Amino acid sequence: MTSDSRSDEHAQYDFIVVSNRLPVDRVIDAEGVETWQRSPGGLVTALEPVMKASEGAWVGWAGKPDLQLAPFTDNGTYLVPVPLSPGEIEQYYEGFSNDTLWPLYHDVIAPPSFHREWWDAYVSVNQRFADASARIAAPGATVWVQDYQLQLVPKMLREQRPDLTIGFFNHIPFPPYGIYAQLPWRKQVIEGLLGADVIGFQRVADAGNFSRAVRRLFGYATRTPEIHVPDGPSGHRSVIAKAFPISIDVASFEELARRPDVQARAQQIRDDLGNPSTIMLGVDRLDYTKGIRHRLKAFGELLRDGATKPGETVLVQVASPSRERVAAYMQLRDEIELTVGRLNGTYATISHPVVSYLHHGYPREEMVALYLAADVMLVTALRDGMNLVAKEYVACRHDEDGVLLLSEFAGAADELKNALLVNPHDIDGLKESMLQAMRMPQRERTTRMRALRRRLVDNDVARWSQSFLDTLRHANHHSDAR
Ligand code: G6P
């Protein structure tokens, strides 16, 4: 990856992405030399072609406190770092974004905390992102704002720059009104979002929840997918609120899965685990929305009941560290690690652990090898905007084998209907589905996987960004942008 530190104070861009995190991570090597590495996330891959075609810019936080970095160009994209102080990280990122909005938008699985100082920090940090974007936007540019951390940016941008075409995409669920209504700043957040021309959601249900909240709180007329927002003394603006289910770069996952070295690694993983009849796999950020506890409980009961035994089935759980300074995440980690310890302590033998628990992130090659090694993929989220792990597993299984067990509360369940759909709260149901997955005849595995793969290739991430940006282009006829 090449990177230079050129910065041009007067640079203007026609296409700008704004997200909490920049698409690169700052790494410092053994000699203390600083470099930037493209982060492995789907959004970066999704927007890469669009960025290249338009020489776009990306505004975001570099992930560390108090970094005052000049903008720089990396791989053809102009990156504009937005600094956050330690106090802002606490109040805007860990606080309002991840201890207020995150639990609230995920159906209050954990109780959200409401603090006025956190809200104040959220407003001022959102303003900083909006200002940074407004400064580099060419006349009539398109700005695409991403996710729940930046919901006020669309309105703030429109106020400064009415010439812009503004899109917003919410990567997480939008909750039903009865839950959303708890938010003390519920009106300000919706006003913030309505500054956009197009507001994208993962599921049709999320877009519906949003439109209902607009009707309840403001009484604006809606005609799906349009919302009529009063604008000026007599007129109105039309805002589109619609589902655009996000996806992955299917071809690049399949390409990795076909590489002989990755396949050899998958075989080595199976050998290292003692070649059990069934490898079950969970891959999640260590987050309470992911249903990791429910999955461990169901598996523990199968072992207790003697329905499966060590050496026959092993559960590999990759839990990548996440938001480690937020109390709910610390508590979750303790609970999961206690449960894993108990399960292994009770059921494992010297040669056969029942749970192989890995609290790390891994490079994509290793993840793909794990997907290839796994007979059963467990996605048991209690609530999830989409869940791209489910899609990655399907993309990798060009052998048309492997069983996907998928929570009906993950957005991916709207598309991946040929998975074994489960309600993760129903532990008996979950146990039955795990057994069904372990015992599923080869023919049924193939039929299901084939159908899943057909569905996946229809909607890959390039299609996602194209359809969002097409809608955005048509939504704002007055602008000659993009
Ligand atoms: C979810 C959110 C993203 C976020 C990611 C990782 O996927 O939708 O906006 O970046 O989690 O969380 P983090 O707090 O580490 O950015």
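## Around the ligand

A polar contact is a pair of N or O atoms within 3.5 Å; within protein, one must be able to donate a hydrogen and the other to accept it, and residues adjacent in sequence count only if both atoms are side-chain atoms. With that in mind, let's look at the ligand in this predicted model. An N or O atom in the side chain of arginine 323 is 2.9 Å from an oxygen atom of the ligand. Arginine 21 places a polar side-chain atom 2.7 Å from a ligand oxygen, and for glutamine 149 the distance from a side-chain N or O atom to an oxygen atom of the ligand is 3.2 Å. The protein buries 70% of the 380 Å² that the ligand exposes when taken alone (accessible areas come from the Shrake-Rupley method with a 1.4 Å probe).

The residues surrounding the ligand include Tyr93, Asn98, Asp147 and His171, where near means a heavy atom within 4 Å. Sorted by class, this shell has four charged, three polar and three nonpolar residues; Asp, Glu, Lys and Arg count as charged, and Tyr is among the nonpolar ones.

## How confident is the model?

pLDDT is the predictor's confidence in each residue, from 0 to 100. The chain averages 94, and 96% of the residues score at least 70. Residues 1–7 stay under 50, with 19 contacts beyond four places in sequence (contact means heavy atoms within 4.5 Å). Residues 478–482 are also below 50. Where pLDDT is low, the predicted coordinates should not be read in detail.

## Reading the numbers

Residues are numbered from 1 along each chain as its sequence is written. Local features need pLDDT of at least 70, and side-chain atom pairs count only at pLDDT 80 or more, while totals for chains, interfaces and linings use all residues; side-chain values use heavy atoms, leaving out hydrogens and water.
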